[in-house]
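Hi,

Here is the structure I said I would pass on.

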Amino acid sequence: MSRRGWRNRGWVLFFLLPSAIPLVLFTAVPMVSSAWVSLNRWNLISPMQWVGVDNYTHLLSDPATRDVFAHTLVYCAGYLPLVFAGGLGLALLLNQRMPGRAFFRAAYFLPVVTSWVVVALVWKWLLNPSSGLVNSLLGALGAPQPGWWTDPAWALPAVILASAWKDLGFVMVIMLAGLQAIPQDVLEAARTDGAGAWQRFWRVTLPLLSPSTFFVVVISLINGFQVFDQVYVMTGGGPSGSSQVVVGQIYDLTFRYGRAGEASALSWILFAVILLITAVQVRGQRRWVHYA
């Protein structure tokens, strides 16, 4: 390579340094450190003891690991349809000409930028089994009043409900951008051909929204597998471990039980699961994602 080529590369590296240095220090180095810790037994105080892959084999054979992954999968299975359908419905509604449209768009997006701790505390109050607003309304309607975060059968659904409500605005914005990118002449052509509102949505709008849908599904599943804040605040993983998720287990292994090696190993197992699921989605997008 010529001297000019090396000089250009040097300038490129120079301008990348402000971003590359924090990336290396706060992402690459912690990842390498975590991989090393996962191969040792460590309680954060005593010196590390090399155990090789024993942490991984123990976790993979531990019923508690299967339980937390099962709870995380249940969370994703309940959260994703709710947040996608709700966000798409809001986007379709707020894409129409209506009074106060800008206000409603901002109002529905506001929970997205609100702290998870605040949202979780509000929903914990709303879903209080004895004095919460939700059970008061259900009681007034003569409907059953669940125990919500105090009932093992309802703790995870309570977290799912709060999570979907908070993230509706994010999905709404993504889908709204997708709706506004659809050429109006395509919809007009479908209307001229006699397609009704449902046919236009199912045959035209939804296929043209597939890139936005793909993005929402990928991001939502990644976030779903990393759920922690709302679980920690609302249920603490209880009652009786019924709402414990993978990241919550990582936290407990590290700070409650002093098993940082196993916690790091579980982090890498979670990383592998997320990577595999995302890779399957990226490969499968060729069949159903249509880019204009």
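Helix α10 takes in residues 210-225, 16 residues in total. From first C-alpha to last it reaches 22 Å, close to the 22 Å expected at 1.5 Å a residue. Keep in mind throughout that this is a predicted model.

Which residues of α10 are buried? They are S210, S212, T213, F214, V216, V218, S220, L221, G224 and F225. The cover over them includes α3 (63-94), α7 (155-180), α9 (197-208), α12 (246-256) and α13 (260-288).

One of those covering helices, α3, also holds H71. Is H71 buried or exposed? Its relative accessibility is 17%, so it counts as buried, the cut-off being under 20%. Leaving aside residues up to four places away in sequence, H71 touches L156, G241, S242, S243 and Q244.

Now the whole chain. The secondary structure comes to 13 helices and two strands, and buried residues make up 38% of the 292 residues. Along its principal axes the C-alpha trace spans about 75 × 70 × 35 Å. Of the contacts with a separation of 6 or more, 66% are between residues 24 or more positions apart. The accessible surface is about 17100 Å², and carbon and sulfur atoms account for 67% of that.

On the annotation side, the unreviewed UniProt entry lists "domain: ABC transmembrane type-1" for residues 69-281. In the model, that stretch is 73% helix and 0% strand, with its end C-alpha atoms 19 Å apart. The entry, again unreviewed, also gives "transmembrane region" for residues 68-94, 106-126, 154-179, 200-222 and 265-282. I checked two of these spans against the model:

- Residues 154-179 are 96% helix and 0% strand, and the end C-alpha atoms lie 35 Å apart.
- Residues 106-126 are 71% helix and 0% strand, and here the end C-alpha atoms lie 23 Å apart.

W11, F14, F15, L17, I21, V24, L25, F26 and V29 make a nonpolar patch of about 970 Å². L25, one of these residues, is found in helix α1 (residues 3-37). Its relative accessible area is 49%, so L25 is classed as partly exposed, as the exposed class begins over 50%.

As background, most residues other than glycine have a negative phi, and most peptide bonds are trans. What is the phi of L44? It is near 75°, a positive value in a residue other than glycine. L44 is in the loop between β1 (40-41) and β2 (49-50), and its 38% relative accessibility makes it partly exposed.

W148 also has a positive phi, about 50°, although it is not a glycine. This residue is placed in the loop between α6 (133-140) and α7. With a relative accessibility of 8%, W148 counts as buried.

The last one is a peptide bond: G238 to P239 is cis, with omega near -5°. P239 is in the loop between α11 (229-234) and α12.

Cheers

Notes
Residues numbered from 1 in each chain as written. Predicted model: local features only at pLDDT ≥ 70, side-chain atom pairs only at ≥ 80, totals over all residues. Heavy atoms only, no water. UniProt positions renumbered as here; feature names shortened; annotations may be inferred. Helix = DSSP H or I, 4+ residues; strand = E, 2+ residues; numbered from the N terminus. Patch = residues over 30% accessible without salt bridge, like charges linked within 9 Å, V, L, I, M, F, W, Y side chains within 5 Å. Areas by Shrake-Rupley, 256 points an atom, 1.4 Å probe, with all protein chains shown as cover. Salt bridge = Lys/Arg side-chain N within 4 Å of Asp/Glu carboxyl O. Buried < 20%, exposed > 50% of the residue type's maximum accessible area, 1.4 Å probe, protein only. Expected span 1.5 Å × (residues − 1). Contact = heavy atoms within 4.5 Å.
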